[in-house]
Amino acid sequence: MPASLSFDSLHSEIGIASGLFRDGHYDDAVRKASQRFVNRVQELADRPDLDGVGLMNTSFSEKSPLLEFNDRENLKERDEHNGYRFLAVGLTQAVRNVLTHHDNYGLGAGSALEWLAFISAMHRRLDHAQQIPQPS
């Protein structure tokens with residue numbers, strides 16, 4: 001029997017949205033979880049001065065990232081790193097920004113859980129990102 005997706009199986013960082021989700025505030029739950037992802041990237045990259053798409057593109061830059069998902073030593077690793085950068089940009093722009101600037105986007109429980117699962121997967125990948133020392 002295939003495993004079923006439940007809120008309890010998501011990354012611990014998604015817990016910030018659990019009360020909102022359980023109370024039926026699905027837009028707010030996804031917005032809060034997506035904002036937590038952005039905040040966590042700020043913390044790990046040590047760039048509280050950046051936000052949104054600029055933060056993601058700077059933190060996961062192709063040429064000189066602040067955080068890297070792998071060593072970027074071959075085409076597969078570079079493709080993976082860039083792919084996660086684009087996913088982080090999309091999460092910020094299409095989810096966090098949209099839900100922040102719309103009062104009632106209208107997510108249902110199923111859609112919200114799917115978005116939370118995506119954000120959870122991004123947090124799990126971020127768990128393994130390495131901070132790159134920057135020249136002083």
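## Ground rules

Contact here means heavy atoms within 4.5 Å. The model is a predicted one, where local features need pLDDT of at least 70, side-chain atom pairs count only at pLDDT 80 or more, and totals for chains, interfaces and linings use all residues. Residues are numbered from 1 along each chain as its sequence is written, and side-chain values use heavy atoms, with hydrogens and water left out.

## Asn 70 and its partners

Leaving aside residues up to four places away in sequence, Asn 70 touches Glu 77, Glu 80 and His 81. Asn 70 sits in the loop between β1 (67–68) and α4; helices (H or I, at least four residues) and strands (E, at least two) are DSSP runs, numbered from the N terminus. With 12% relative accessibility, Asn 70 counts as buried (under 20% relative accessible area, with exposed over 50% and partly exposed in between, using a 1.4 Å probe and protein chains only).

The Asn 70 side chain has a polar contact of 2.6 Å with the side chain of Glu 80. That term covers a pair of N or O atoms within 3.5 Å; within protein, one must be able to donate a hydrogen and the other to accept it, and residues adjacent in sequence count only if both atoms are side-chain atoms. A polar atom of the Asn 70 side chain also lies 2.8 Å from the backbone nitrogen of Arg 72.

## His 81

His 81 lies in helix α4 and, at 1% relative accessibility, counts as buried. Again skipping residues up to four places away in sequence, His 81 touches Phe 60, Ser 61, Pro 65, Leu 67, Glu 68, Phe 69, Asn 70 and Arg 72.

## How α4 packs

Helix α3 (residues 52–59) packs on α4 at an angle of about 170°, with the axes 9 Å apart. Axes are lines fitted to C-alpha atoms, for helices over the stretch in contact, and angles run from 0 to 180 degrees between N-to-C directions. The two helices are therefore roughly antiparallel (over 145 degrees; under 35 is roughly parallel, 65 to 115 roughly perpendicular and the rest oblique). Among the contact residues are Met 56 of α3 and Ala 88 of α4.

The axes of α4 (residues 75–101) and α5 (residues 109–126) come within 11 Å and cross at roughly 140°, which makes α4 oblique to α5. Contact residues include Glu 80, Tyr 84 and Leu 87 of α4, plus Trp 115 and Phe 118 of α5.
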